[in-house]
Amino acid sequence: MHQEVYRPFAGNRISSAGGYAGSTGRCEKGSETGTFKKIVKVKERTKKKVTVKNAKGYKLTVKSKNKKIATVSKQGKTAFVVKGVKAGKTKVVCTAKKKKKKVTLTCTVKVDKGNDNVTIQPTVSPMATNNNPGTTATPAPTEAPVSTATPEPTLAPFPATDQYSYVPYEFADASENVEKGTIEEITYTSKTTNKTHKVLVQLPANYSQDKQYPVLYLFHDKDDTEGIWKDMAADQIIDNAIAFKAAKEMIVVMPNISGDKDEDIIKDFADDLKPEVEAKYSAAKERHNIAVAGYGLGGRIALNIGLSLPEQVAYTGAFAPVEGLLPYDGADGYFSNSSFCIDEKYKDYTFLMIQKGTSDDVAGEAPDSYHKALTDNGSECLYLEMDGAHDQELFKAGLYNFARRIFKRGTQDESTVNGFVTKVPDSAIKPTTHRGKIEKIEYDTETYDPGNSQKIHKWANVYLPYDYDPEKKYNVLYLMHGGGENADTWIKGDNIYGDYTHNRDMLNRLFEDGYCEPCIIVNPTFYRPEGAPEPSNAMDLTILFQYELRNDLIPAVEAKYSTYAGGDVSIESLKASRMHRGFAGLSMGSNTTYHSAFFGNYDLFAWYAPYSGYFGTENGNDADADRFNKIIEEGEANGMPLGYIYCGNGSDDFALSGQLDLMQKALVRSNILVPGRNFDFVIIPGGIHDMNQWHIHFYNTLKIFFTKE
């Protein structure tokens, strides 16, 4: 009997910022659902054991969706056994409960004929190890994130991951970098209700009758009207999501349903509202281009439409839906417990999302009841349990999370979710006996002052992972400190504060536990030794460092240590190994990342992580953003793709505004930058200009760097 293991240290996600994918952590209460593209392969009449790590203290229950294909049974407290019965595919659902915390994991079981040995598949992580609310598990972090390809154009695939985010920083606010769409008010007379209804229709920026757009229908609560969506800044959330590539271009339709019965609203949707919209606007009509969503009563109605009209709707979002669809308190519902499911014909081509607020005393347990009934009936549903009451902040978060998951085709240019955290889990800094070591490397360089360059001698710290093997090739990360700091700041710890966020413990632990592949980390300094001439502006050090980096530091490090340059430090060799080299830095080190690594040495680096700031040029952010994009475009054209640029900052960091503005401008103008695929801007809620924030970004950087060849 073969065995598979679900490993710990998957990344987690909550909040983000400024239109960029953000991050979260792990919750101790609530519910999560993890659907993995993982396949557990087993032969007929053979068994495979699957172990769930981080499951200590949880009670596991397991269920096979089709016992004629495969059966499943628990083994001990943290494992289950899958047995192949007949060739085919089915799903196994594993539910882990601990007090109020519930995690539901789904994997596909493929049973092949015969009785040969099976191949153990790549591992995944079912349970996160963070302590932030609202996280779900993510696939193994050592693989480059890719969207699941859609075999047919009419499919409405599930998102690549089920992690969620609260509304990102300033995401509901107008931005000068975002071109707004237009909102029109129309009316139509419904044959179903015999009433004239008002409707708000939001068109995307640069709407054209020559192009067809998918359509999202939004339904309000019982005491509201169609105008409530604008009051909630839904238009701005959608505009920002589209501009920052978190969502597809779409038409958004917000009808007034006040006073109408659920059954009339459903009939009106199919017979009157939808045909009216499709006749007036350039709206795509296929089911995979139609989504419905709403909150409260509107959430219940959206859920009713999605399940009642599966031939017309592929995406359904219910934000804090109230009770009424299922029997309750002796009353009949619109569905029985057994009929509450996705039509079998559309089961694999439908996306359903239900959101619940942990303090919502209006919807109460209705969202959970709906989710449970769907799951019991074999219908997959993304269930997001988020902090919040039955209010606009909760509904806005529901809209944001739904909008960025719909109308996705699974192509390479679409965004994905990487599960970045906003709080490093305590387990990630737990000391280990497998500790890397720090060596000092010295090298000759010069000041590179224009017209007056002088020879100087410098040093840098080099962190070598535990059991460093000179016969093995290592990725290398050049990690720069900030103003007034030195090469000891990041890992060794300086003389004033020491390593108070435990970066070194975190490195050791994450490398040992397989969170990421062990790499060499170089901590240099842009400062010059005592007695050397200084430039008139200290910020010039972050720009002039590009020459020292290219000509002296990299050659010194990679001639001595085993990197993918293979000891050959010629420019040709360093260029050829750029996908195995990254640069990150905080504050003035962030400026060094932009100016010395990205602008100055893009041909030598593929991975960049500037934290807390961009101190721009006299040309301004517009020109710098265009320069930024031009470098990426030319790199792509010359066989030097961008690996990733992870931008980190804090919501209360004085260095946020300039960097955020630069990267927003770059993102909306770029045809290459895609959030989640090669770019992210992660903002730590409440984060200030200190190592507590940068420690989190460092954790996230280790997750994403060097994940592409």
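User: Which members of the largest nonpolar core touch the most other members?

Analyst: Leu216, Phe402, Tyr478, Phe628, Ile645 and Met663 do, out of the 99 residues in that core. Apart from it lies another core, of 37 residues, including Leu507, Tyr644, Tyr646 and Ile704. Keep in mind that this is a predicted model, where local features need pLDDT of at least 70 and side-chain atom pairs count only at pLDDT 80 or more, while totals for chains, interfaces and linings use all residues. Residues are numbered from 1 along each chain as its sequence is written, and side-chain values use heavy atoms, with hydrogens and water left out.

User: What makes a set of residues a nonpolar core?

Analyst: The members are buried Ala, Val, Leu, Ile, Met, Phe, Trp, Tyr and Cys residues, joined through side-chain atoms within 4.5 Å. Buried means under 20% relative accessible area (exposed is over 50%, partly exposed in between; 1.4 Å probe, protein chains only). Of the 709 residues in the protein chain, 62% are buried.

User: Which residues does Ile645 touch, leaving out those up to four places away in sequence?

Analyst: Tyr594, Tyr608, Pro610, Phe628, Met663, Leu673, Asn678, Phe679 and Asp680. A contact is a pair with heavy atoms within 4.5 Å. Across the protein chain, 78% of the contacts with a separation of 6 or more join residues 24 or more positions apart.

User: Why does Phe407 count as buried?

Analyst: Its relative accessibility is 3%, so Phe407 counts as buried. Phe407 is found in the loop between α6 (392-403) and β19 (437-446), and has a positive phi of about 60° although it is not a glycine. Helices here are DSSP runs of H or I (at least four residues) and strands are runs of E (at least two), numbered from the N terminus. The protein chain comes to 13 helices and 26 strands.

User: And why does Tyr448 count as buried?

Analyst: With 16% relative accessibility, Tyr448 counts as buried. Tyr448 is located in the loop between β19 and β20 (455-464), and its phi is near 60°, a positive value in a residue other than glycine.

User: Why are α11 and α12 called oblique to each other?

Analyst: Helix α11 (residues 621-637) and helix α12 (residues 656-669) pack at about 50°, with axes 9 Å apart. The axes are lines fitted to C-alpha atoms over the stretch in contact, and angles run from 0 to 180 degrees between N-to-C directions. Under 35 degrees is roughly parallel, over 145 roughly antiparallel, 65 to 115 roughly perpendicular, and the rest oblique. α11 and α12 are therefore oblique to each other. Phe628 of α11 and Met663 of α12 are among the residues making the contact.

User: What is the handedness of the α11 and α12 crossing?

Analyst: Right-handed. That label applies if the near helix is turned clockwise from the far one by less than a right angle; anticlockwise is left-handed.

User: What makes α3 oblique to α4?

Analyst: Helix α3 (residues 262-280) and helix α4 (residues 297-308) pack at an angle of about 55°, with their axes 10 Å apart. That makes α3 oblique to α4. On the α3 side, Asp262, Ile265, Ile266 and Phe269 make the contact, and on the α4 side Leu297, Arg300, Ile301, Asn304 and Ile305. α3 passes α4 in a right-handed crossing.

User: Where is Asp499, between which two elements?

Analyst: Asp499 is in the loop between β21 (476-480) and α7 (503-512). Asp499 and Thr489 are ten residues apart in sequence and 7.5 Å apart in space, C-alpha to C-alpha.
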